[in-house]
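Me: Got a structure open here. Can you walk me through it?

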Amino acid sequence: MLKFVLTLALASVAAAELSCEDCSAIGTAVGTEATSEAGIQGQVEFLMAGGICNGIPAELECETNFPAFWAAIATALFDPAQGWYAPQFLCEDLCAKKTFMKTPSCDDCVARVYGSTGYMADEEIQVQAV
């Protein structure tokens, strides 16, 4: 679901030059979707299907407890105002680039969103974030 929202948001601005404001709107939209009930449910389903609870002792009841645990993490991690995709973090360099150089392109924002998501896959970064 998050990929769909991101693709839709990026497609809507692809025809025009991407502004700092556009990037900020996209970051806010991604954070809002990622912290919505449907967004969190989709993340939980994805993580559960990927075997997140494999190898966890039965007495910890991972399948029962993980959804609420992840909801708490996702709510903070993807908070639209202060989370991973918040404009102040996602678009900081793009907005500075606009101020000092030229208006950033759609490719700038696509690279930023996907680069940020890829960066999040680094285990050391995950430990630091949690």
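Predicted model: local features only at pLDDT ≥ 70, side-chain atom pairs only at ≥ 80, totals over all residues.

Me: How many residues does H3 have, and how far does it reach?

Reply: H3 covers residues 37-49, so to speak 13 residues. From first C-alpha to last it reaches 18 Å, close to the 18 Å expected at 1.5 Å a residue.

Me: Which residues of H3 are buried?

Reply: Gly39, Ile40, Gln43 and Val44. Down the axis of H3 they fall within an arc of 135 degrees, so they line one face of the helix.

Me: What do they pack against?

Reply: Helix H2 (20-34) and helix H4 (62-77).

Me: And which exposed residues are on the face turned away?

Reply: Glu37, Phe46 and Ala49.

Me: What comes just after H3?

Reply: Gly51, with a positive phi of about 85 degrees.

Me: Switching to disulfides. How many are there?

Reply: Two. One joins Cys23 to Cys91, S to S 2.2 Å. Cys23 sits in helix H2, and Cys91 in the loop between helix H5 (87-90) and helix H6 (92-100). The pair links distant parts of the chain, 68 residues apart.

Me: Are Cys23 and Cys91 buried or exposed?

Reply: Both Cys23 and Cys91 are buried. The torsion about their S-S bond is about -90 degrees, so the disulfide is left-handed.

Me: What about Cys53 and Cys62?

Reply: They form a disulfide with sulfur atoms 1.9 Å apart. Its S-S torsion is about -65 degrees, so this disulfide is left-handed.

Me: Why does Cys62 count as buried?

Reply: Cys62 has 12% relative accessibility, and the cut-off for buried is under 20%. Cys53, at 8%, counts as buried too.

Terms used
Residues numbered from 1 in each chain as written. Heavy atoms only, no water. Helix = DSSP H or I, 4+ residues; strand = E, 2+ residues; numbered from the N terminus. Expected span 1.5 Å × (residues − 1). Buried < 20%, exposed > 50% of the residue type's maximum accessible area, 1.4 Å probe, protein only. Arc of directions from axis to C-beta. Contact = heavy atoms within 4.5 Å. Disulfide = S-S within 2.5 Å.
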